Amino acid sequence: MTPDAVMDLAHKALFVTTLIAAPLLLVSLIAGLVIGMLQAATQIHEATLSFIPKLLCVVVTLFVAGPWMLRILIAFTRGLYAGIPAAIG
């Protein structure tokens, strides 16, 4: 396997990781910002008040974006398996 092929594979792996993690991270970030602003406005600083809504938002996002994330991961894995003969020689 050539160094260019290894770098291409690493680039694809990082790209797929970013695609899969992005929806969950963005939803968690937005939920955290909204909850933080509400806590600052009401001056209620309870730890569970920020944790539970973020957790619920992430779970809902997993249900909504989960099939898309799974399709991306399956396509990447199929590409890896299809590339085994070329990597061997």
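This is a predicted model: local features need pLDDT of at least 70, side-chain atom pairs count only at pLDDT 80 or more; totals for chains, interfaces and linings use all residues.
Leaving aside neighbours within four places in sequence, Ile-20 is in contact (heavy atoms within 4.5 Å) with Met-69, Ile-72 and Leu-73.

My ground rules: residues are numbered from 1 along each chain as its sequence is written. Local features need pLDDT of at least 70, side-chain atom pairs count only at pLDDT 80 or more, totals for chains, interfaces and linings use all residues, and side-chain values use heavy atoms, with hydrogens and water left out.

Next I checked helix H1, residues 3-42. Helices are DSSP runs (H or I, at least four residues), numbered from the N terminus. At 1.5 Å times one less than its number of residues, H1 should span 58 Å; its end C-alpha atoms are 56 Å apart, which agrees. I found a kink of about 40 degrees at Ala-22, shortly before Pro-23. The bend is the angle between axes fitted to the seven residues ending there and the seven starting there. Gln-43 follows H1 with a positive phi, near 60 degrees.

Which residues make up the largest nonpolar core? I noted five: Val-16, Ile-20, Ala-65, Met-69 and Phe-76. Such a core is a set of buried Ala, Val, Leu, Ile, Met, Phe, Trp, Tyr and Cys residues joined through side-chain atoms within 4.5 Å. H1 and H2 each give two or more residues to this core. H2 gives the most, with three.

Key. Buried means under 20% relative accessible area, exposed over 50%, partly exposed in between (1.4 Å probe, protein chains only).
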